[in-house]
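These are my notebook entries on one structure, written up in the order in which I looked things up.

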Amino acid sequence: MGSRTGLRARGGSLALVASAGRIRQTLRITGLSEAFALYSCVLDAITADQHWQAAVSGERGSAGEWCRKHRLL
């Protein structure tokens, strides 16, 4: 939570990617799903965040191609 606060103070963001049902359930039970942006895959997280969108748009190609190039998929 401290990292999230520091990131927000600097205009940044933090998103969590959790595709497994047990992990998502744990985040919901603990209330962390309300504190962080939560996505089911990396591609969804990247396309939803303005900071990542800027990184992707700086290179040619789609967000999916960018993710593969950077070994995120």
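**Cysteines**

I began with the sulfur of Cys67, which is 8.4 Å from the closest cysteine sulfur, in Cys41, and so too far for a bond. The model is predicted, so I noted that local features need pLDDT of at least 70 and side-chain atom pairs count only at pLDDT 80 or more, while totals for chains, interfaces and linings use all residues. Residues are numbered from 1 along each chain as its sequence is written, and side-chain values use heavy atoms, with hydrogens and water left out.

I reminded myself that a disulfide is a covalent bond between the sulfur atoms of two cysteines. For the count I took a disulfide as a pair of cysteine sulfur atoms within 2.5 Å, and the structure holds zero of them. Cys41 is accordingly in no disulfide.

Cys67 is buried at 0%, whereas Cys41 is partly exposed at 30%.

**Whole chain**

Next I listed the helices (DSSP runs of H or I, at least four residues) and the strands (E, at least two), numbered from the N terminus. The chain has six helices and two strands, and along the sequence they follow the pattern α-β-α-α-β-α-α-α.

The C-alpha atoms fill a box of roughly 40 × 30 × 15 Å, taken along the principal axes. Of the 73 residues, 19% count as buried. I also looked up contacts, meaning heavy atoms within 4.5 Å, and found that residues 24 or more positions apart account for 31% of the contacts with a separation of 6 or more.

**Aromatic pair**

How many aromatic pairs does the chain contain? Rings of Phe, Tyr and Trp (its six-membered ring) pair if their centres lie within 6.5 Å, and planes under 30 degrees apart count as stacked, over 60 as edge-to-face and the rest as tilted. By this rule I counted one aromatic pair. Trp52 and Trp66 form it, edge-to-face, with 5.4 Å from centre to centre and 70° between the planes. Trp52 lies in helix H5 (residues 50-57) and Trp66 in helix H6 (residues 63-69), so the pair ties together parts that are 14 residues apart in sequence. I wrote down that Trp66 is buried, with a relative accessible area of 8%, while Trp52 is partly exposed at 39%.

**Ser33**

I then turned to Ser33, which has its place in helix H3 (residues 32-35). Ser33 is buried, with a relative accessible area of 18%. Leaving out residues up to four places away in sequence, I found that Ser33 touches Leu27, Arg28 and Leu38.

**Arg71**

My last entry concerns Arg71, which lies in the segment after H6 and is exposed, with a relative accessible area of 76%. From C-alpha to C-alpha, Arg71 and Gly61 are 15 Å apart in space, and they are ten residues apart in sequence.

What is the phi of Arg71? I noted a value near 55°, which is positive in a residue other than glycine. For background, most residues other than glycine have a negative phi.

Notes. Buried < 20%, exposed > 50% of the residue type's maximum accessible area, 1.4 Å probe, protein only.
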